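This report goes through selected features of one structure, from single contacts to sheets and a pocket. The sequence and the structure come first.

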Amino acid sequence: QVVFTDFSVLNKPYALPVSISYLEEITLSYRDYFFSFDFASTDYTNSEKNIYEYKLEGFNENWVNIGNEHQVTFTNLDHGTYNLLVRATNNDRVLCKEPASIRIIIKPPFWKTIWFYTLCILLIIVMIYLYIKNREKKLIKEKQILEEKVEERTTELKEEKFKVELAHKDIKDSINYKAADKLATLPG
């Protein structure tokens with residue numbers, strides 16, 4: 001049988017609530033990118049002939065033979081859930097029936113979490129909404145300014161038209177007056 005004997009992160013002992021041999025699950029941060037498990041076989045008859053194999057479910061598909069080495073190290077694993085299985089053979093090459101197992105959960109950085117993605121999407125939607133509303137306000141204000149200018153120019157044109165009509169009437173009246181005066185001065 002194989003038991004876990006030690007656990008370290010970044011080559012330093014990692015504080016656990018109980019011994020690693022009693023844990024079924026360990027949770028790590030994405031910052032804990034380099035960690036190691038030590039293990040041992042409970043067959044001490046000829047321990048230097050014990051052969052170890054491990055498989056990290058979620059990473060390895062096959063068992064990895066590490067010979068007499070009784071430590072395995074992992075670096076830069078993606079966030080997620082893994083299951084580390086370790087098995088050994090004794091000096092007679094008899095494989096243990098049940099491998100030692102521990103679940104490893106690596107939490108993602110906050111910028112790779114669902115709530116962060118949701119927050120970003122909501123923020124983008126709010127920014128688009130605010131941009132549209134701001135643009136709408138500017139267009140309404142520009143429309144009001146344009147309408148005021150049109151109204152002002154219309155009033156100016158009406159005044160100019162009135163002045164032209166008045167001048168036209170004065171000229172017409174003047175022509176009619178001169179024509180009437182000429183008619184009056186004509187003999188007969």
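The side chains of S36 and T73 make a polar contact at 2.8 Å. The model is predicted, and this distance, like the other values below, is computed from it. S36 belongs to strand β4, which covers residues 34-41. With a relative accessibility of 3%, S36 counts as buried, because the cut-off for buried is under 20% relative accessible area.

## The four-stranded sheet

Strand β4 is part of an open sheet of four strands, ordered β2-β1-β4-β7, in which the pairing is antiparallel. The edges of this sheet are β2 and β7, each of which pairs on one side only.

The pairing of β1 with β2 is antiparallel and rests on two bridges. Across this pair, S8 stands opposite P13 of β2. The loop between β1 (2-9) and β2 (12-13) holds N11.

Most residues other than glycine have a negative phi. Two residues that depart from this are described here.

N11 has a phi near 60°, a positive value in a residue that is not glycine. N11 is exposed, its relative accessible area being 62%. N76 also carries a positive phi, of about 50°, and is likewise not a glycine. N76 sits in the loop between β7 (71-75) and β8. N76 has a relative accessibility of 58% and counts as exposed, because exposed means over 50%.

## The five-stranded sheet

A further open sheet has five strands in the order β3-β9-β8-β5-β6, and its pairing is mixed. Its edge strands are β3 (25-28) and β6 (64-67), and each of these pairs on one side only. On average, neighbouring strands of this sheet are turned by 25° against each other, with direction ignored.

## Strand β5 and its partners

Which strand is joined to β5 by seven bridges? The partner is β8 (residues 80-89), which runs antiparallel to β5 (residues 51-57).

Strand β5 is largely enclosed by the rest of the structure, because five of its seven residues are buried.

## The hairpin of β5 and β6

Strand β5 is also joined to β6, by three bridges, and these two strands run antiparallel. Within this pair, E53 stands opposite N65 of β6. The hairpin formed by β5 and β6 has six residues between the strands, and G58 takes a positive phi near 100° in this hairpin.

## The largest pocket

Rolling a probe the size of a water molecule over the atoms shows where empty space is left. The largest pocket has a volume of about 160 Å³.

Its lining consists of 13 residues, and those that lie nearest the centre are Y30, L77, D78, H79 and I106. By residue class, the lining divides into seven nonpolar, three polar and three charged residues.

## Helix α1 and a separation along the chain

Helix α1 spans residues 114-185 and contains R153. R153 has a relative accessible area of 54% and is exposed.

How many Å separate the C-alpha atoms of R153 and I105? The separation is 74 Å, for two residues that are 48 residues apart along the chain.

Notes: Residues numbered from 1 in each chain as written. Predicted model: local features only at pLDDT ≥ 70, side-chain atom pairs only at ≥ 80, totals over all residues. Heavy atoms only, no water. Pairing = 2+ DSSP bridges. Axes fitted to C-alpha atoms, helices over the stretch in contact; angles between N-to-C directions. 1 Å grid on protein atoms, 1.4 Å probe; cavity = no way out; pocket = protein on both sides within 12 Å on 5 of 7 lines; lining within 4 Å. Points joined across faces, edges and corners; volume = space filled by probe spheres on them. Nonpolar A, V, L, I, M, F, W, Y, C, P; charged D, E, K, R; others polar. Buried < 20%, exposed > 50% of the residue type's maximum accessible area, 1.4 Å probe, protein only. Polar contact = N/O pair within 3.5 Å; in protein donor to acceptor, adjacent residues only side chain to side chain.
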